[in-house]
Amino acid sequence: MSNIARAFDHGKAFIAFITGGDPDIETTRKCILEMVRAGADLIEIGIPFSDPIAEGPVIQEADLRALTGGATTDDVLGVAADLRAETDVPMVFMTYLNVVFKYGYEKFFSKCREIGMDGVIIPDLPYEEKREASEVASKYGVDVISLIAPTSEERIKTIAADAEGFIYVVSSLGVTGVRSEIKTDLESILREIRKVSDLPAAVGFGISTPEQAAKIASYSDGVIVGSAIVKIVAKYGKDAPSHVYDYVKSMKDAIRGL
Amino acid sequence: MSKGRYGIHGGQYVPETLMNEIINLEKAYEFYKNDPEFNAELDTLLREYAGRPSLLYYAEKMTRDLGGAKIYFKREDLNHTGSHKINNVLGQVLLAKKMGKTRVIAETGAGQHGVATATAAALLDMECEIFMGKEDTVRQALNVYRMELLGATVHPVTTGTMTLKDAVNEAMREWTNRVDDTLYVLGSVMGPHPFPMIVRDFQSVISKEARQQILEKEGRLPTAVVACVGGGSNSMGAFYNFIDDKNVRLIGCEAAGKGVDTAFTAATMATGTLGVFHGMKSYFCQNEYGQIAPVYSISAGLDYPGVGPEHANLHDTGRAEYVPITDDEAVDAFEYIARTEGIICAIESAHAVAHVMKIAPTMSKDDIIICCLSGRGDKDVAAIARYRGVDLHE
């Protein structure tokens, strides 16, 4: 069992995303420590990519700020290593396949193990293409997280049966970003998943308020929040860590005890 | 290894949200490509509406002036809407209609594919939205208005470099947002499988006709086929039916911009490395960390940082050659073919003409070159004037 399972050990998990290097690496480090202090159960660190096709404007702009600020894959791996010395919270990277491919699967996943990263989320790596990365990743004990979308239908079972770490359920059509309403029938998707997999399933895309988090956590194993956190970083820049703490705490409190 | 591979290239690297949709598209295509009714409808559209077959024109003056190989132009510029793009969009939009879709979206660089898609959508009663880099909407303002005249909505894309790759990003994002009633009509032999196959098949009419036409005119196959390559749709179409004719050289002309040793280039084969982007494994202009590079060319239709996976494989196997052509060379060729043959071709196509000008004099009079004139150049006249220092605005 991977370290990721620990994130789901104490009730519903709150999974917090932040773009590495936005606006600089040191702010990312401080924000993540605040997220952990506020109760985040799993940290997703985004390695910025020039053309993030699954992201809405908020995370696109964060990637651009990070890259313009000079953040590289090595810098983000570096901050993850630093954080590992300070916290044992489960952590995964989130990035696009080209970033990992170009770095080299061997080099990337061996560094993940060295650092103590538990997994990687790659939105442009569907089930059919997963093997080229997951074969190398599994050698180093790194989980390649599978995503299931509202359009997955009969693919749900195939994907879920093959999944590792946790299952990332995409709440809505479209790209990442805050949504006022989530219309997908998530409960039936989660029922399908549970027929074939015992892995925890967390829901992401569009979740920003404690009310949404509580509702979704009531029938899933956790909620994933990205854009709402990245917005706080965009607004407060270097002063973001304390604001990120307040926000993550309000979200975690909303799902505690469910 | 997944579907849609060309050697190590190709594949289906898209978000899960799109997977069922591209699987459905593949199934629909596999059905309709063998459906007599679909093929009859498409044939009629190509013949009666687009004006096919396009001419294979013997450029006698250029041949004489360059003093080497006989030069033929495959006149895709004479198609309705002014380029080869119509071949693909009539096929794809008809396919979309058969699939029960009511809306098509597309990216465009120079505007040729956008105009063609808007045209097919108007004809076949489909809602149409076009994504175009803001930079390109300025460079090709006339085409924006043309698309609007045809009833399409044009979305200027303000992210990234505001050019073709960003237009593809936005079109893909929009497709994940609305898949039920919408088909993404991709404009080149790129993207996730089945697009490189579908677009190549619809464009292969170019080489199907050209092969037959040259046999009729000359009784033998050409020595070389030359075409420009951005994503690579006109060149893939021009090469395809000659691939098995091992003695026919296939030459793709990439946009070198200000030169392959400068940062201002879009020559993917010359300067790119293996990567995974826009749904496919292929060659891309990128930095050591896999960040896609901003690319540059005078031609809005060729400044794309990647190349179609089948081209990448033709490059790997050595079946096709790829050469870089600079802005200067392309502009010279644009002017030369206008003066010599009375043809104002697209600046994209002028990249191929420039290479013909280089190789024809080195070849014997028994040699034959077929050059694909992928589009007409009305859209480029103002930009070329500005390039030459003439203050002309549309």
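**View 1. The residues around the largest cavity.** The largest cavity has a lining of 30 residues, and those nearest its centre are B:His84, B:Lys85, B:Ser233, B:Gly301 and B:Leu302. Here a cavity is a set of points, on a 1 Å grid over the protein atoms alone, where a 1.4 Å probe fits but cannot get out, and lining residues have an atom within 4 Å of a point. This is a predicted model, in which local features need pLDDT of at least 70 and side-chain atom pairs count only at pLDDT 80 or more, while totals for chains, interfaces and linings use all residues. Residues are numbered from 1 along each chain as its sequence is written, chains are lettered from A and ligands numbered from 1 in the order in which they are written, and side-chain values use heavy atoms, with hydrogens and water left out.

The space inside comes to about 320 Å³ (the volume filled by probe spheres set on the grid points, which are joined across faces, edges and corners). Among the elements of chain B that each supply at least two lining residues are β5 (103–108), α5 (112–123) and α15 (347–359); helices (H or I, at least four residues) and strands (E, at least two) are DSSP runs, numbered from the N terminus. The lining holds 9 nonpolar, 18 polar and 3 charged residues (Ala, Val, Leu, Ile, Met, Phe, Trp, Tyr, Cys and Pro count as nonpolar, Asp, Glu, Lys and Arg as charged, and the others, Gly among them, as polar).

**View 2. The second largest cavity, with chain A residues nearest its centre.** This one has a volume of about 190 Å³. Of its 22 lining residues, A:Ile59, A:Tyr168, A:Thr176, A:Phe205 and A:Gly226 lie nearest the centre. In chain A, β8 (222–225) and α10 (227–236) each give at least two residues to the lining, which divides into 15 nonpolar, 5 polar and 2 charged.

**View 3. An open sheet of 6 strands in chain B.** Follow the order β3-β4-β14-β9-β10-β13, where the pairing is mixed (two strands pair if DSSP finds at least two bridges between them). At the edges stand β3 (56–58) and β13 (320–326) of chain B, each with a single partner strand, so one side of each has no neighbour in the sheet.

**View 4. Two parallel strands of chain B, β9 and β14.** Strand β14 (residues 368–373) is joined to β9(B) by 3 bridges. Look for B:Ala224, which stands opposite B:Ile369 in β14(B).

Note on methods
1 Å grid on protein atoms, 1.4 Å probe; cavity = no way out; pocket = protein on both sides within 12 Å on 5 of 7 lines; lining within 4 Å.
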